[in-house]
Amino acid sequence: SFRGLVLLAAQSSLPQFARNSGVKKMKMQFATGPLLKLQTCLCLPLFGYRMRYKRVFEEYTQALYQRYPDIRIEGENYLPIPVYRHIASFLSVFKLLVIGLIIIGRDPFALFGMQAPGIWEWGQGNKIYACMMVFFLSNMIENQLMSTGAFEITLNDVPVWSKLESGHLPSMQQLVQILDNEMKMNVHMNTRPHLHS
């Protein structure tokens with residue numbers, strides 16, 4: 001039924017944003033070696049970005065585990081600035097309110113003594129299309145607000161790559177070279193003889 005369709009859409013929307021708004025950590029392996037953290041934009045189900053970054057994440061982790069068996073790899077969502085998150089959170093609730101008003105046929109403009117605009121009248125005559133339009137338009141705006149395009153990499157909390165600064169993802173060869181240099185530097189620092197006074 002129409003109401004069932006709208007309720008299903010609403011239920012699928014809330015968990016999605018809840019997942020987007022919280023930092024989700026994916027601990028891939030427990031080990032004792034250095035900690036490599038990949039912060040990526042996992043909040044975009046549109047345009048294939050989410051699947052693309054997920055695929056890149058999986059390819060990198062698989063290759064890195066083969067080269068560095070003791071490494072620990074964690075992945076988490078790189079969140080946008082707080083004001084964007086708050087606006088997206090507001091829209092996720094506001095769209096459900098608008099959809100509810102469309103379904104029950106309650107004119108919100110009458111509460112303020114205003115005449116309902118033509119688009120509201122059209123929505124009352126085409127409730128299914130109006131609800132779908134509100135739902136998908138709001139989702140598109142929310143996703144744009146929550147999108148960062150980030151793919152940030154740190155090794156033991158030291159930044160080693162930033163897509164936000166470089167504008168592109170590192171190749172596997174670049175990443176391995178960076179990690180080799182960082183690990184050699186760490187080993188060198190740890191094995192330096194300590195000077196005693």
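The score to keep in mind is pLDDT, the predictor's confidence in each residue, from 0 to 100. This is a predicted model, in which local features need pLDDT of at least 70 and side-chain atom pairs count only at pLDDT 80 or more, while totals for chains, interfaces and linings use all residues. Residues are numbered from 1 along each chain as its sequence is written, and side-chain values use heavy atoms, with hydrogens and water left out.

The chain averages a pLDDT of 78, and 72% of the residues score at least 70. Taking helices as DSSP runs of H or I of at least four residues, numbered from the N terminus, confidence is lowest in helix α1 (residues 2-21), with a mean of 43, and highest in helix α3 (residues 82-104), at 93.

Now to D180, which is found in helix α7 (residues 172-191). D180 has a relative accessible area of 19%, and it therefore counts as buried, meaning under 20% with a 1.4 Å probe and protein chains only. Leaving aside residues up to four places away in sequence, D180 touches R67 and Y68, where contact means heavy atoms within 4.5 Å. Y68 is 112 residues from D180 along the chain, yet their C-alpha atoms are separated by 9.8 Å.

Which element gives the most to the lining of the largest pocket? That is α3, with 7 residues, where lining residues have an atom within 4 Å of a pocket point, and a pocket is an open set of points on a 1 Å grid over the protein atoms alone, where a 1.4 Å probe fits, with protein on both sides within 12 Å along at least five of seven lines.

Technical notes:
Helix = DSSP H or I, 4+ residues; strand = E, 2+ residues; numbered from the N terminus. Buried < 20%, exposed > 50% of the residue type's maximum accessible area, 1.4 Å probe, protein only.
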